Amino acid sequence: MEATLTLSPDTLSTAGIILLTIVAIESGGLFMLRVVRGQQPATPFQRAFFRAGHAHAGVLVTLALVGLILADAAAVDGPRAPFARNGIWLAAILMPAGFFLSAIGKGTTTPNRLILLLYAGGVSLALGVVSLGISLLTA
């Protein structure tokens, strides 16, 4: 017996957009290569934040795609559904943005106010995974 999963139209469009963001992550990888090779000046703080931003982008985009499929497979609905379906991909935008944007500027050694994006992404990620997890356990 073959199991078939039908993805909702919202999941199809969101997953398509998420997949297209991988081009931006690739661009970030090229930027990181320039930083690591010394072709792009960066302080140790900036190197650390740029590396963390790039890593979070790749991991969270992958997790977001898996989360969308799980949400459809479990037919997640109700008050947790918006968090379960959107929290992870929103974190995939906010957290890397927080790392990168809080470290921009020549000679930067401490994060600027845009570090708040990182915290907002953490909240979004927590809401997303907890909502999805609970939804899956109660499906």
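1. Some ground rules. The model is predicted, so to speak: local features need pLDDT of at least 70, side-chain atom pairs count only at pLDDT 80 or more, and totals for chains, interfaces and linings use all residues. Residues are numbered from 1 along each chain as its sequence is written, and side-chain values use heavy atoms, leaving out hydrogens and water.

2. Helix 5 has 22 residues and reaches 32 Å from first C-alpha to last, close to the 32 Å expected (1.5 Å times one less than its number of residues).

3. Which residues of helix 5 are buried? They are Leu-118, Gly-121, Ser-124, Leu-125, Gly-128, Ser-131, Leu-132 and Ser-135 (buried means under 20% relative accessible area, exposed over 50%, with a 1.4 Å probe and protein chains only). They cover an arc of only 165 degrees around the axis, which puts them on the same side of helix 5 (the arc is that of directions from the helix axis to the C-beta atoms).

4. Turned away from that buried side are the exposed Leu-116, Tyr-119, Val-123 and Leu-137.

5. Now the lining of the largest pocket: helix 4 (81-101) gives the largest share, six residues. By class, the lining has twelve nonpolar, six polar and no charged residues (Ala, Val, Leu, Ile, Met, Phe, Trp, Tyr, Cys and Pro count as nonpolar, Asp, Glu, Lys and Arg as charged, the others, Gly among them, as polar).

Key: Helix = DSSP H or I, 4+ residues; strand = E, 2+ residues; numbered from the N terminus. Contact = heavy atoms within 4.5 Å.
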